[in-house]
Amino acid sequence: MPRRSQALARAVFALLVLATAAAFFVTQRLKHSPTLVQQVMAYPFLSPYSTNGHRSAKLSFRIRRADEVTVSIVDSRGEDIATLARGHHLAAYTQWALRWYGRTDAGRVAPEGEYRIRVRLRNQGRSALLARTILLDTTPPRPVVTGISAPAGAPGANPPGPAILPAPGGAPATVSFDPGGGIKPKLAVYRTDVSPSRLVTTLPVAAGAARATWNGTVGGRPVGAGTYLVAISDVDPAGNPGSTPGRLPPAPRPGEVIPGRAGITVRYLGVQPPAAGADQASPLVFGVDARRAGYAWSVTRVGARRPRKKATSTRPLLRMRPPGGISGVYVLAAHTLTHRTAVPFGVAGPAGRPVLLVLPAITWLGEDPLDDDGDGLPNTLGAGDAVRTERIFAGAGLPA
């Protein structure tokens with residue numbers, strides 16, 4: 001190799017060594033020098049629809065050298081979408097706080113996602129994209145009451161209908177729920193067979209629990225017989241509110257389906273009459289729910305002064321032969337020590353008559369405010385619901 005080539009090679013090698021050494025010393029200097037932007041703090045969640053104080057994200061920082069500062073919010077593509085400050089003079093080591101309300105420079109709510117903070121220092125000609133992220137979350141949680149189970153051994157507690165209270169011994173029903181992404185579930189009991197729906201009580205929920213209980217009382221006193229719904233509301237970490245049903249107090253629209261199974265029926269005494277008129281050849285069968293208490297009953301023809309039959313019983317199925325005589329409408333009345341009810345039924349006499357009597361049984365059944373499917377809302381034909389033909393009449397029993 002010529003001497004000139006050897007000298008050039010040595011020079012190049014020497015330059016590489018010097019460059020490497022210089023890079024090493026620069027790196028060491030950067031490692032031990034103060035960070036460009038320091039003491040960065042930012043709340044990680046934000047929602048413009050928050051109900052718990054997170055409508056804006058507070059962020060703060062300081063810089064090690066005084067400068068004219070511009071602060072912007074950056075999306076996942078690295079583009080500025082919102083400018084929080086422009087050309088603000090910031091003294092060295094002065095902690096500065098700003099807020100972002102989740103909106104772009106155009107005033108619109110920014111899309112959901114993670115955002116970062118960019119700090120530009122005009123005099124130094126430098127900028128820093130901070131590592132801290134802010135999650136913009138506008139999706140509400142979807143809490144739902146997944147089921148309500150009556151105490152073991154309680155009559156009439158079979159799904160898919162509502163749980164029935166009271167239970168023997170006053171044992172409570174168990175309300176199971178899924179917070180649906182929320183962090184502070186709240187349970188409230190509404191009575192829904194009245195208009196408008198009425199808040200009855202709230203149920204305590206233990207931290208981290210997915211269940212609560214209710215025994216059908218408020219302040220130690222039993223609530224009235226009727227249809228009840230356990231509503232759940234919650235908020236997520238960003239403060240977005242969510243509830244099931246979506247409107248509280250419950251105000252369902254015709255045909256609306258409420259997720260989950262949140263219904264409780266409070267019943268102290270109820271009777272299910274035959275759906276069709278009886279003839280003299282077939283026995284009458286009534287379902288009686290007296291919560292396992294004894295009851296007295298009587299059968300009286302409408303318009304008559306005295307009952308045709310009467311007795312006492314404790315059985316949930318009451319069987320009898322149809323009253324003899326002419327066709328007509330009869331009333332079965334039943335009572336316990338504390339409650340009473342009465343239901344109509346039709347009987348066809350042994351001989352035909354020139355007048356045909358048509359009983360509006362479908363209307364009686366279809367307008368009775370009972371919860372058939374366990375969603376906590378009365379099912380009636382007037383609301384556009386499908387109703388069962390075998391139903392225990394609500395309240396005092398007799399239709400208007």
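**Which side chain meets Arg 77 in a salt bridge, with 3.5 Å from N to O?** In this predicted model, the partner of Arg 77 is Glu 79, and the distance of 3.5 Å runs from a side-chain nitrogen to an oxygen. Arg 77 is exposed, with a relative accessible area of 64%, whereas Glu 79, at 42% relative accessibility, counts as partly exposed.

**Close-up of the salt bridge between Asp 193 and Arg 191.** The side chains of Asp 193 and Arg 191 meet at 2.7 Å, taken from N to O. Asp 193 has a relative accessible area of 23% and is therefore partly exposed, while Arg 191, with a relative accessible area of 15%, is buried.

The side chains of Asp 289 and Arg 267 form a salt bridge with an N to O distance of 2.9 Å. This pair links distant parts of the chain, since Asp 289 belongs to strand E21 (residues 284-289) and Arg 267 to the loop between strand E19 (263-266) and strand E20 (270-272), with the two residues 22 apart. Both Asp 289 and Arg 267 are buried.

**Close-up of the second largest pocket.** The volume of the second largest pocket is about 450 Å³. Its lining comprises 25 residues, and those that lie nearest the centre of the pocket are Pro 252, Leu 377, Pro 378, Ala 383 and Asp 385. By residue class, the lining of the second largest pocket divides into 12 nonpolar, seven polar and six charged residues.

**Close-up of residues 16-34, with the confidence of the prediction.** Over the chain, pLDDT averages 87, and 90% of the residues score at least 70. Across residues 16-34, however, pLDDT stays under 50, and for this stretch the model has two contacts beyond four places in sequence. Where pLDDT is low, the predicted coordinates should not be read in detail.

Note on methods:
Residues are numbered from 1 along each chain as its sequence is written. This is a predicted model: local features need pLDDT of at least 70, side-chain atom pairs count only at pLDDT 80 or more; totals for chains, interfaces and linings use all residues. Side-chain values use heavy atoms; hydrogens and water are left out. A salt bridge is a side-chain nitrogen of Lys or Arg within 4 Å of a carboxyl oxygen of Asp or Glu. Buried means under 20% relative accessible area, exposed over 50%, partly exposed in between (1.4 Å probe, protein chains only). Helices (H or I, at least four residues) and strands (E, at least two) are DSSP runs, numbered from the N terminus. pLDDT is the predictor's confidence in each residue, from 0 to 100. Contact means heavy atoms within 4.5 Å. On a 1 Å grid over the protein atoms alone, a cavity is a set of points where a 1.4 Å probe fits but cannot get out, and a pocket is an open set with protein on both sides within 12 Å along at least five of seven lines; lining residues have an atom within 4 Å of a point. Grid points are joined across faces, edges and corners, and a volume is the space filled by probe spheres set on the points. Ala, Val, Leu, Ile, Met, Phe, Trp, Tyr, Cys and Pro count as nonpolar, Asp, Glu, Lys and Arg as charged, and the others, Gly among them, as polar.
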